[in-house]
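Please look over the sequence and the model below before reading on. The notes that follow are grouped by topic and are meant to be read beside the structure.

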Amino acid sequence: MGSAILTEAIQGIAELINEKLLFEQHQTQDLLPLLALGSFAAAYGLSWLISFTFADDGHDQFFYLPKEHQFESKKHRLSKKDRLVVDMLSTHQDLSWVVTDPEMKDNEIVYASPGFCRFTGYSKKEIEGKNCRFLQGPKTDAKDVALIRNAIKHIKEASICLLNYRKDGTTFYNQFFLMPMYHETSGKCIYFLGVQVAVGSQEPGQEPSNPGWVYALCQKEVRS
């Protein structure tokens with residue numbers, strides 16, 4: 001499966017390179033899917049080429065974060081698309097992301113990546129079991145928070161740039177990506193994935209800076 005996806009992504013990059021006047025003929029927004037494929041190929045390709053190995057049963061596997069730092073679903077299996085996004089995030093130790101459980105009373109965090117802990121300054125014990133609102137502060141815009149709550153309520157993806165706070169009180173603009181994750185067979189939403197990345201401002205159009213957004217988009221592009 002990995003080689004097929006990688007091949008399609010590389011083909012997309014080749015098309016982009018061959019079109020010398022592409023940026024002059026199209027709006028940047030029109031190029032985002034192809035640019036995302038380029039980012040996907042770089043991340044996925046390096047992980048596949050460098051980390052690829054074979055298990056005893058002949059199935060391909062990847063080297064992930066140490067087992068004690070991996071996310072393991074306790075609600076049966078995730079859909080293939082969601083599993084691949086999580087797997088991609090798990091091959092990079094510095095990426096900041098969490099998984100929450102919408103069936104819990106306050107949609108609490110059930111997993112925080114090592115990168116999230118380092119980025120925010122909180123330990124896993126301080127994070128897991130809490131709602132993500134602890135990253136909010138006095139200058140966080142309530143309208144941005146409402147957009148996230150609305151996406152959770154209606155079980156849909158959202159990409160929002162908002163002001164958040166680290167444990168030491170310093171602020172950062174968080175280009176946040178939210179994605180519902182589904183049960184493999186029932187199709188029920190069993191988790192939400194939240195991926196954080198610091199950006200320099202709150203200007204629009206920064207979605208491609210978030211690897212979660214890129215990986216999710218590429219799954220759609222490869223299947224379209």
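This is a predicted model: local features need pLDDT of at least 70, side-chain atom pairs count only at pLDDT 80 or more; totals for chains, interfaces and linings use all residues.

Contact here means that heavy atoms lie within 4.5 Å.

**Helix H7**
- Helix H7 has twelve residues and reaches 16 Å from its first C-alpha to its last, which is close to the 16 Å expected at 1.5 Å a residue.
- The buried residues of H7 are Asp 144, Val 145, Ile 148 and Ala 151, and because they fall within an arc of 120° when seen down the helix axis, they line one face of the helix.
- An α-helix has 3.6 residues a turn, so residues three or four places apart point the same way.
- Strand E5 (158-165) and strand E6 (171-182) are included in what covers the buried residues of H7, whereas Ala 142, Lys 143, Arg 149 and Lys 153 are exposed on the other side.

**The ends of H7**
- The N-terminal end of H7 is capped by Asp 141, which has a side-chain oxygen 2.8 Å from the backbone nitrogen of Lys 143.
- After H7 comes Ile 155, with a positive phi near 50°.

**Asp 82**
- Asp 82 sits in helix H4 (residues 80-90), and it counts as buried because its relative accessibility is 1%.
- Leaving aside neighbours within four places in sequence, Asp 82 is in contact with Met 179, Pro 180, Met 181 and Tyr 182, and its side chain makes a polar contact of 2.8 Å with that of Ser 79.

**Arg 133**
- Arg 133 lies in the loop between helix H6 (124-127) and helix H7 (142-153), and it counts as partly exposed because its relative accessibility is 40%.

Conventions:
Residues are numbered from 1 along each chain as its sequence is written. Side-chain values use heavy atoms; hydrogens and water are left out. Helices (H or I, at least four residues) and strands (E, at least two) are DSSP runs, numbered from the N terminus. Buried means under 20% relative accessible area, exposed over 50%, partly exposed in between (1.4 Å probe, protein chains only). A polar contact is a pair of N or O atoms within 3.5 Å; within protein, one must be able to donate a hydrogen and the other to accept it, and residues adjacent in sequence count only if both atoms are side-chain atoms. The expected span of a helix is 1.5 Å times one less than its number of residues. The arc is that of the directions from the helix axis to the C-beta atoms.
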